[in-house]
Amino acid sequence: MDQITDDFPKLMEAIESARYAHSDGMGAFMCFMAVRLLAMHRVLKPTGSIYLHCDPTASHYLKAVMDAVFGWKNFRNEIAWCYRGGGVPRDGFGKKHDLIFRYSKGKAATFNVDAVRIPYSEDSAQRLKYKAKAFTSSGTYDNYEQNPKGKHPEDWWIMQPIMPSAKERLGYPTQKPLSLYERIVKASSNEGDVVLDPFCGCATTLVAAERLKRRWVGVDIWEKAHETVIRRLQREGLEGPRGSVGEALPFYGKIHYAKEPPERTDDGETAAPFLRVKERVKEPEGPKWSRQDMYDHLLNQNGMKCQGCDRDFDDPRYLELDHNTPRADGGINHISNRILLCSPCNRAKSNVFTLSGLRRHNKKMGWMAK
Ligand SMILES: C[S@@+](CC[C@H](N)C(=O)[O-])C[C@H]1O[C@@H](n2cnc3c(N)ncnc32)[C@H](O)[C@@H]1O
Ligand SMILES: [Zn+2]
């Protein structure tokens with residue numbers, strides 16, 4: 001959390017806004033997601049995409065968090081997964097779609113439209129029969145002419161969820177249909193690429209990946225997850241040549257399984273470095289102080305006085321830890337660049353003033369302590 005507060009101020013704002021608008025619980029959920037999404041951003045390849053399936057109560061907050069982590073320019077699609085059936089509320093429209101956000105790491109994102117084309121509806125086939133052929137001279141197809149490979153799919157997908165009686169069902173309440181994940185994997189990866197599902201549950205993503213000859217990584221916190229994955233692969237007939245899933249998979253050999261998190265090989269590189277506040281001055285060596293350490297140190301040194309307006313307080317809760325030179329201007333997180341400000345001073349200083357700039361501003365406005 002310290003790192004998010006100091007290095008990803010936009011992300012912190014997105015988390016805080018969920019907390020203010022909804023509840024502390026929603027804020028906590030956004031924190032939980034934020035640290036994981038930062039990690040996902042870090043490991044995503046330049047050609048990769050991430051698909052985030054959201055609950056409608058949280059999707060709008062999650063989109064802001066995704067914008068802060070992946071960059072709003074890398075927002076690619078908001079997919080409405082539509083379905084029928086189940087109950088409807090008496091006092092409103094039936095809630096029959098889920099949202100899936102697609103973000104990419106950058107401009108080079110893989111998108112194989114030909115792998116996910118869908119049949120034209122009979123309606124449009126009839127209509128299009130009579131349209132001019134002139135549009136195809138460039139070899140591109142648009143709404144006026146049918147592409148023989150099929151229609152470019154929209155961002156709304158009609159796919160039935162798994163019904164309680166379905167053969168595919170494993171008794172997992174949140175199990176998703178395989179066809180949903182197959183479309184995602186086909187569209188955004190190529191054979192041999194790696195597909196990662198950090199909440200892999202009963203392994204639907206992994207089955208889709210294996211079937212489509214992608215390599216895959218599944219992560220789940222549930223201790224039986226490993227067995228579930230193996231059983232699911234067996235059920236789907238994805239045994240290796242020697243007839244044992246544990247031994248070999250058809251395409252990429254053995255499954256590796258570990259309870260310990262893998263060791264990082266990137267020397268602790270920070271997540272989303274392009275979103276991170278730039279540091280122009282290198283931080284001095286030495287043990288890192290926590291925000292609390294710095295706060296206590298400054299209280300000890302200056303008492304409960306705001307360094308922006310010189311007001312004295314009788315309770316440390318009025319004082320907030322801030323930077324002298326703003327982070328946006330290359331100020332470091334080190335104690336040598338830290339100050340305690342009252343809330344109005346902190347707001348006025350924002351990312352604009354240095355401490356001396358703030359004090360000049362306060363004098364001009366008549367906001368200094370009398
Ligand atoms: C919604 S299910 C995924 C179902 C999957 N999409 C499918 O259709 O097969 C969510 C999974 O996330 C796992 N999970 C929950 N919290 C987690 C965490 N902090 N880290 C990793 N996995 C977690 C749960 O154990 C559960 O298996
Ligand atoms: Zn003040």
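This is a predicted model: local features need pLDDT of at least 70, side-chain atom pairs count only at pLDDT 80 or more; totals for chains, interfaces and linings use all residues.
**Entry 1**

Four strands make up an open sheet, ordered β1-β3-β2-β4, and their pairing is mixed. I looked up which strands lie at the edges: they are β1 and β4 (156-158), each of which pairs on one side only. Direction ignored, neighbouring strands of this sheet are turned by 25 degrees against each other on average.

I then went through the pairings of β3. β1 and β3 run antiparallel and are joined by six bridges. Within this pairing I noted two bridges: serine 49 has serine 104 in β3 as its partner, and cysteine 54 has leucine 99 in β3. β2 and β3 also run antiparallel, and seven bridges join them. Here I recorded that tryptophan 81 has aspartate 98 in β3 as its bridge partner.

Which helix lies across these strands? I found α4 across β1, β2 (75-82) and β3, running at about 5 degrees to β3.

**Entry 2: helix α3**

I checked the length of α3 against expectation. The 20 residues of α3, at 1.5 Å a residue, should span 28 Å, and the end C-alpha atoms are 29 Å apart, which agrees.

I next asked which residues of α3 are buried. They are Phe29, Met30, Met33, Ala34, Leu37, Leu38, Met40 and His41. I kept the helical repeat in mind while reading that list: an α-helix has 3.6 residues a turn, so residues three or four places apart point the same way. The buried residues of α3 pack against α1 (2-7), α2, β1 and α4.

Leaving out residues up to four places away in sequence, alanine 34 touches Ile4, Leu11, Ile15, Val65 and Val69.

**Entry 3: the nonpolar cores**

I turned to the largest nonpolar core, which has 38 residues. The members that touch the most other members are Leu11, Met30, Ala34, Leu37, Val65, Met66 and Val69. I listed the elements that give two or more residues to this core: α2 (9-21), α3 (24-43), β1 (49-54), α4 (59-70), β3 (97-104), α6 (178-188), α7 (204-211) and α8 (225-235). At least three residues of this core come from each of domain 1 (1-107) and domain 2 (169-264).

I also found a second, separate core of nine residues, including Leu319, Ile339, Leu341 and Cys345.

**Entry 4: strands β5 and β6**

I examined the pairing of β5 (residues 194-197) with β6: the two strands run parallel and four bridges join them. Valine 195 has tryptophan 216 in β6 as its bridge partner. Which face of β6 is covered, and which is uncovered? Trp216 and Gly218 form the covered face, whereas Arg215 and Val217 form the uncovered one.

**Entry 5: two residues with positive phi**

Lysine 213 is not a glycine, yet its phi is positive, at about 65 degrees. Lysine 213 is located in the loop between α7 and β6 (215-218). Is lysine 213 buried or partly exposed? Lysine 213 counts as partly exposed, because it has 15 C-beta neighbours inside 10 Å.

Aspartate 310 also has a positive phi, near 65 degrees, and is a residue other than glycine. I located aspartate 310 in the loop between α9 (291-302) and β7 (319-323). Its 14 C-beta neighbours inside 10 Å are why aspartate 310 counts as partly exposed.

**Entry 6: proline 9**

I placed proline 9 in helix α2. With 18 other C-beta atoms within 10 Å, proline 9 is partly exposed, as the cut-off for a buried residue is 20 or more. I then took the distance from proline 9 to arginine 327. These residues are 318 apart in sequence, but their C-alpha atoms are 9.2 Å apart in space.

**Entry 7: the chain as a whole**

The chain holds 11 helices and eight strands. It has 370 residues, of which 22% count as buried. Among contacts between residues at least 6 apart in sequence, 61% join residues at least 24 apart.

Key:
Residues are numbered from 1 along each chain as its sequence is written. Chains are lettered from A and ligands numbered from 1 in the order in which they are written. A nonpolar core is a set of buried Ala, Val, Leu, Ile, Met, Phe, Trp, Tyr and Cys residues joined through C-beta atoms within 7 Å. A residue is buried if 20 or more other C-beta atoms lie within 10 Å of its own, exposed if 12 or fewer, and partly exposed in between; C-beta atoms are placed from the backbone. Domain bounds come from an automatic or database domain assignment. Two residues are in contact if their C-beta atoms, placed from the backbone, lie within 7 Å. The expected span of a helix is 1.5 Å times one less than its number of residues. Two strands pair if DSSP finds at least two bridges between them. Axes are lines fitted to C-alpha atoms, for helices over the stretch in contact, and angles run from 0 to 180 degrees between N-to-C directions.
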